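Visitor: Could you take me on a close look at one part of this model? Start with the inside, then show me how it is built.

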Amino acid sequence: MPPPSVGRPVLRNEDARLLTGRALFVDDVQLPGMLHVAFVRSIVAHGHLKGVDVTAACARPGVVAVYTADDLGAYATPGPVLVNPPPVPGHVFNARTQLPLARDKVRYVGEAVAMVVAESRYVAEDAVADVVVDIDPIDAVVDLEAALRPDAPLVHPDLASNVAAHVVQRKGHYAQARERADVVIKRRFHYDRGVAAAIENRAVVVEWDARAEELTIWDTTQAPIPIRNGLASMLGLLESQVRVVAPFVGGGFGPKIMMFYPEERLLPWAAMRLHRPLKWTEDRQENFYATTQERGQVHDAEMALSKDGRILGVHDVFLCDTGAYDPYGLTIPINSQCTLLGPYDIPNYESEFTSVFTNKPIVTPVRGAGRQHGVFVSERLLDIAAKQLGIDRVEIRKRNLLGPDQFPHNHEIMFQDSAPLVYDSGNYLPTLEQAADLIGYDAFRRDEQPRLRKQGRHVGLGIVCYVEGTGIGPYEGARVTVEPSGSVRVATGVGTQGQGHFTVLAQIVADALGVEVEDVRVVTGDTREFNWGTGTFASRGAVVAGSACHAAAMSVRAKALALASRALGVPADRLQLSGGRVTVPGSNNSGVTLGELAGKANPLRGAVTPGTEPGLESTAYFGPDRGSTASGVHAMIVEVDPETAAVEIKRYLVVHDCGAIINPLLVEGQIHGGVAHGIGNAFYESLVYDDQAQLLNASFMDYLLPTATDVPPIETAHRETPSPFNVLGLKGVGEAGCIPTGAVFAQAVEDALADVGLEIREIPLSPNRLWELIEERRRS
Amino acid sequence: MTLTGTFVFAGPPTTVWTLLQDPAVLAKALPGTKTLTKTADDRFEGVMTVSIGPVTAAEFSVSVTLKDQAPPTYLAMLIDGKGGVGFVRGSASVDLSVAAGGGTKMAYSSDVQVGGRIAAVGQRLIESVAKMMMRQALDALNVELQARVKAGA
């Protein structure tokens with residue numbers, strides 16, 4: 001029997017299509033008679049919308065229609081809340097979601113005010129400039145603390161304050177733990193995030209077939225099925241009349257799960273009125289405003305420890321910027337709150353957050369989704385505590401890690417998926433030991449660093465731990481079909497944005513059915529192919545859709561063996577399925593191919609018995625009670641130039657544990673991409689708003705992404721502690737690369753600049769910010 | 001964005017004051033001015049085109065309202081510019097005094113808010129473009145001033 005493909009570095013099924021330009025992206029869709037859409041967006045962050053004059057725009061040759069909020073009638077309803085708050089007692093959540101086009105008030109620069117439809121995008125863009133928008137400005141809400149002062153302008157004047165949400169979660173008794181503590185470390189931390197900067201911006205193409213009464217939407221969404229269901233409901237159509245296709249998508253990273261973007265709602269609505277196909281492709285500058293992003297949190301945190309470095313408790317109060325609206329509920333701050341606990345045994349925890357409305361674009365998860373904020377706080381507190389207590393950084397972590405016998409571990413607080421935060425499994429100590437060993441922690445500290453310091457070189461090492469809650473519910477499904485040709489087809493509802501679903505899902509099915517991986521054709525993200533599901537988010541595709549694929553494939557396998565048993569006259573348990581054929585081991589019977597069995601499964605007249613279901617096909621669903629928790633350790637060595645504050649990353653190492661590995665090649669790819677994201681977050685990317693919430697760096701000229709030369713080769717090591725929550729033992733890995741990067745970067749840079757005595761309490765840094773911190777420290 | 005500076009004109013404050021009130025002169029002096037009209041005693045309105053980095057030939061309708069005028073020594077103004085690529089809004093003030101070596105010393109300061117695309121993609125360049133435009137305008141005014149002084153002399 002050939003070895004299983006799961007666990008092997010199988011090359012990607014989809015790459016031939018991607019690399020030869022045959023993969024369909026939304027902007028590739030060209031339809032006869034298609035019109036083009038551009039949006040008029042507010043250039044003021046906060047103001048009363050007095051009027052929108054579209055006269056000149058309508059008069060421009062080539063313009064077909066211009067719509068404002070007044071034209072939308074009953075369609076101008078606020079969007080849905082995507083994620084209801086977890087049932088934390090006493091929580092406050094003020095849901096405010098946006099209209100498809102602003103009415104009466106604008107709340108951020110980039111908010112859509114009018115929609116122009118024209119014969120070409122050129123004409124549409126020119127007509128956008130013809131529209132006169134009259135806005136009476138109000139002072140913008142920018143700073144999180146200022147936003148909560150009693151005299152702050154209100155983003156949503158129907159609320160008494162700019163508080164979007166307030167949540168307190170407790171475990172044990174922090175105050176008592178603090179009294180017993182030998183040392184209490186208290187600091188303020190700032191952690192800011194940025195845009196997702198997917199290589200493909202958002203795009204929507206819509207065709208309304210009035211004869212068939214069917215609406216087809218090509219959309220870069222990460223959640224095609226919920227988009228289909230929601231749009232059908234909003235447009236008064238049956239779900240079966242709407243088909244949403246999320247073809248190949250050039251990167252999701254979170255913002256493409258947002259539902260519903262105004263453009264997603266408006267194009268279908270207008271296409272049904274104009275009886276013409278419509279296309280809108282976001283440009284890069286729009287992406288900085290109109291696509292959601294993730295932003296700042298300010299933590300006032302303290303950690304109480306015994307003198308031997310044991311964490312007795314953590315107390316954290318933080319503010320979280322949610323932007324002008326909060327359609328994604330509490331996901332980000334809850335993730336920060338939960339992930340702060342990390343891999344550590346923290347018996348007493350009190351965490352309180354206030355989510356704050358500001359006049360900035362909407363905040364929804366971006367890869368990591370608040371987890372990096374929490375990791376930064378706990379890892380920094382541990383670093384500072386280690387210094388104060390004179391304990392080695394790795395040692396203090398070892399003393400606090402959860403032991404292998406402490407799983408499942410209930411943290412007694414609520415996670416983003418509305419289930420208690422329970423870690424399924426983990427083996428943290430060997431992961432940390434392996435990372436320290438591979439980065440050469442002891443030798444670096446003992447020999448290398450002193451030797452280089454003598455030469456005047458500022459080299460430093462960082463090593464931090466993290467966990468990543470992954471693979472949450474509610475559910476995904478898959479249908480596996482063996483065709484008469486013997487090829488296998490898999491359809492699932494999740495969309496794909498480059499992760500490698502066409503390979504990992506194929507591997508799972510191929511192993512169950514004894515076929516080659518390349519003979520399994522996977523279809524994702526087309527609601528006509530699969531009717532049920534939620535989407536691609538929270539590092540859950542492989543875990544949840546993968547488990548569904550496995551269940552469906554195992555069911556098809558049972559059907560195939562049952563059919564073969566009848567055909568060959570041999571009991572099913574004596575049959576073997578491999579190489580696309582069912583055989584009888586130990587006999588000279590040549591058996592029967594899967595293709596032949598698929599033919600038999602479509603019975604002819606006279607071959608049908610009562611209860612027969614045609615097709616060598618099965619559909620299955622998987623819905624975990626709760627997510628599975630992956631973990632890992634990042635370590636890096638940097639050299640810092642103390643004069644210019646330039647940082648060179650000498651080595652970057654990730655030892656991670658995402659449970660059973662389907663394909664180590666793709667796991668490494670996820671980690672490499674994540675680390676690049678994390679390095680950008682730590683040292684390059686920053687959204688700069690002025691005091692009136694104008695974004696001052698809305699282009700790649702000024703918003704720095706790390707380039708290939710800024711991202712070092714990334715060393716990886718895999719550990720596999722299977723999750724007990726699914727048959728294959730899977731955990732997700734999509735965000736692992738970027739979660740602890742800020743924390744490890746800060747520790748490494750601090751270590752390199754030990755002679756300066758820097759304490760880094762903020763991310764992102766940049767060469768100039770780091771230079772300022774060095775100068776401040778030198779002056780003080 | 002704040003912009004402050006001084007400039008010395010080769011002519012007396014009263015003539016400088018007159019020039020600053022003359023839309024025809026200002027239109028010629030201010031780079032990119034397409035039209036400029038005095039619509040009231042204390043109000044100018046016009047259209048300007050400005051290029052800032054990747055934002056080229058952006059058209060703005062501009063209105064300037066004068067206030068607290070104390071001829072020929074002090075003048076404040078409210079500036080309001082709007083265009084397809086953004087807005088400029090704020091205030092400015094001008095102090096005129098007799099310069100040490102003759103002529104007129106102008107001290108100017110402005111504080112404007114910039115928004116929209118010119119802020120988003122032109123941020124790095126706005127200040128230098130504004131300084132350059134200011135310099136060009138003042139130089140042009142000075143040339144005109146010298147012509148008038150000569151003609152009057």
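Guide: Of the 780 residues in chain A, 56% are buried. The count rests on C-beta atoms placed from the backbone: a residue is buried if 20 or more others lie within 10 Å of its own, exposed if 12 or fewer do, and partly exposed in between. This is a predicted model: local features need pLDDT of at least 70, side-chain atom pairs count only at pLDDT 80 or more, and totals for chains, interfaces and linings use all residues. Residues are numbered from 1 along each chain as its sequence is written, while chains are lettered from A and ligands numbered from 1 in the order in which they are written.

Now the overall build. Helices (H or I, at least four residues) and strands (E, at least two) are DSSP runs, numbered from the N terminus. Chain A has 20 helices and 30 strands. Its radius of gyration is 28 Å, close to the 28 Å that the globule rule gives for 780 residues, so chain A is as compact as a globular protein of that length. That radius is taken over C-alpha atoms, and the rule is 2.2 Å times the number of residues to the power 0.38. The C-alpha trace of chain A spans about 90 × 75 × 50 Å along its principal axes.

Next, contacts. Two residues are in contact if their C-beta atoms, placed from the backbone, lie within 7 Å. Take the contacts in chain A between residues at least 6 apart in sequence: 81% of them join residues at least 24 apart.

Domain bounds come from an automatic or database domain assignment. For chain A this gives domain 1 (15-22 + 473-622), domain 2 (31-138 + 200-250 + 255-290) and domain 3 (297-472 + 625-779). The C-alpha centres of domain 1 and domain 2 of chain A are 38 Å apart. Across their contact, 16 residues of domain 1 of chain A meet 17 residues of domain 2 of chain A. The domain 1 side has three nonpolar, 11 polar and two charged residues. Here Ala, Val, Leu, Ile, Met, Phe, Trp, Tyr, Cys and Pro count as nonpolar, Asp, Glu, Lys and Arg as charged, and the others, Gly among them, as polar.

Now zoom in on a sheet. Two strands pair if DSSP finds at least two bridges between them. Axes are lines fitted to C-alpha atoms, for helices over the stretch in contact, and angles run from 0 to 180 degrees between N-to-C directions. In chain A, four strands make an open sheet with mixed pairing, in the order 22-21-20-26. Strand 22 (520-524) and strand 26 (617-622) of chain A stand at the edges. Each has a single partner strand, so one side of each has no neighbour in the sheet. From one strand to the next, the twist averages 15°. Strand 21 (residues 488-492) and strand 22 of chain A pair in the parallel sense, over five bridges. A:R489 stands opposite A:R521 in strand 22 of chain A. Helix 15 (residues 501-513) of chain A packs on this sheet. The helix touches strand 20, strand 21 and strand 22 of chain A, and its direction makes about 135° with that of strand 22 of chain A.

Stay with strand 20 for a moment. A:P474 lies in the loop between strand 19 (458-470) and strand 20 (476-482) of chain A. A:P474 counts as exposed because 12 C-beta neighbours lie inside 10 Å. Residues up to four places away in sequence aside, A:P474 touches A:T534 and A:G623. A:P474 and A:M554 are 80 residues apart along the chain, and their C-alpha atoms are separated by 21 Å.

Compare another loop residue. A:T97 lies between strand 4 (92-93) and strand 5 (105-106) of chain A. With 16 other C-beta atoms within 10 Å, A:T97 is partly exposed. Leaving aside neighbours within four places in sequence, A:T97 has contacts including A:P80, A:V81 and A:Y325. From A:T97 to A:P80 the C-alpha distance is 6.8 Å, and the two are 17 residues apart in sequence.

Last, the partner chain. The contact between the chains takes 14 residues from chain A and 12 residues from chain B. On the chain B side, strand 6 (86-98), strand 7 (104-115) and helix 3 (117-152) of chain B each give two or more residues. Helix 3 of chain B gives the largest share, six residues.
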